[in-house]
Amino acid sequence: MLSISPVPSFSITSVKYLRSPSSSSFISVFPKLSRFVTATSATPNSTPETTTTRVNNAGLKLDETVSVSKGKIRLDSWISSRVDGVSRARVQSSIRQGLVSVNGHVIDKVSHNVKAGDEVHCTISKLQPLRAEPEDIPLPCVATYSNQEDDDDSDEEETFSDDEGMIRPGIVHRLDKGTSGLLVVAKDEHSHAHLAEQFKLHTIERVYISLTTGVPSPSQGRIDVPIGRDSNNRIRMAAIPGSLSRGRARHAASRYKVVETLAGGGSALVEWRLETGRTHQIRAHAKYMGVPLLGDEVYGGTKSMALSLLQRRVSRSDQEEIIELVSRMDRPCLHAIVLGFEHPCTGEIIKFSCPPPPDLAEIVGLLRRSGRDKVE
């Protein structure tokens, strides 16, 4: 078990609260396991049932005159800022359904701009039923907060609805395919809107650990390099220095720290703290530093590179095992180990931690046997 987080850790099968829930918020925190990389919801038996229904704001009306200091603002953005507890996607659905008018004219384009003095009338739409069939995916739950006092313990941002207003049950953010770790899911729209705003403002605490091919130099630092689509490979992102002014990429900042140097410098256990949440941010920044994540075939941490660095550095007795482990790797060695945020109802700062799954823990253990230097 890796122990690099300042908060208590717990096993996948023996989960507990890191802080005692004391309110009626509706949120759950799940560890996303590497072999369940498409999972976004818990199995029917993985979370406590609740019979309480919270107000969903359907039919809520807004009649207000736009007041902006200068220029114009998108209609959906302005309405979202005026209606508490309603997601922006829900507002967009209301616009598309013809439930919004500006200066007496019905508007059905979410990109419509409004200016100071415009009269806006809006009725919040009903939530539409989920189109997709639920899947039975074994996804353990770290903690569930609800308004039932007898609830048991159980361990780039998305929207509450899709473009047509269909509910996605509480999805607030995503992990890259292949990344294991913690994922928070909202159980009502108020909690979702509050959590989504925290992600938007980058106030969520997110800590990841990874294994890199080679060792970052210096051993700790901050990478402030914009990330955009790789012009040579459209499925890959790239760190592109100086590209912000040319509109090719978006601001991205990551802080990293080498926790341990492993296998005589063939790899390193690295802690990452994100200031922004761009697609593939850690993977792109690691590649930019010349130390792609172990097992990341898309960003250069290929199996052949891993073997060339590690095979000659591990002991002779471990060489067959390292070949087997590397050959079995089917994802980047990246794990979301800590997730902290403000409780949507109480304002309390809560923090969760989840140890790495067996595939990552196994290779870390082997590399430690071949040489381990902790970095102060």
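**Aromatic pairs and a sheet**

Author: This is a predicted model. The count of aromatic pairs comes to two, for rings whose centres lie within 6.5 Å.
Reader: Which residues make the tilted pair?
Author: Tyr256 and Trp272 do. Their rings sit 5.9 Å centre to centre, with 45° between the planes.
Reader: Where in the chain are Tyr256 and Trp272?
Author: Tyr256 is in strand 14, residues 253-262. Trp272 is in strand 15, residues 267-274.
Reader: New topic. What is the strand order in the open sheet of four strands?
Author: The order is 2-7-4-5, and the pairing is antiparallel.
Reader: Which are the edge strands?
Author: Strand 2 (61-65) and strand 5 (105-106). Each of them pairs on one side only.
Reader: How many bridges join strand 4 and strand 5?
Author: Two, in the antiparallel sense. Strand 4 covers residues 100-102.
Reader: What is the bridge partner of Val102 in strand 5?
Author: That is His105.
Reader: Which strands does helix 1 lie across?
Author: Helix 1, residues 75-82, lies across strand 2, strand 4 and strand 7 (119-123). Helix 1 runs at about 110° to strand 2.

Definitions and conventions:
Residues are numbered from 1 along each chain as its sequence is written. This is a predicted model: local features need pLDDT of at least 70, side-chain atom pairs count only at pLDDT 80 or more; totals for chains, interfaces and linings use all residues. Side-chain values use heavy atoms; hydrogens and water are left out. Rings of Phe, Tyr and Trp (its six-membered ring) pair if their centres lie within 6.5 Å; planes under 30 degrees apart count as stacked, over 60 as edge-to-face and the rest as tilted. Two strands pair if DSSP finds at least two bridges between them. Contact means heavy atoms within 4.5 Å. Axes are lines fitted to C-alpha atoms, for helices over the stretch in contact, and angles run from 0 to 180 degrees between N-to-C directions.
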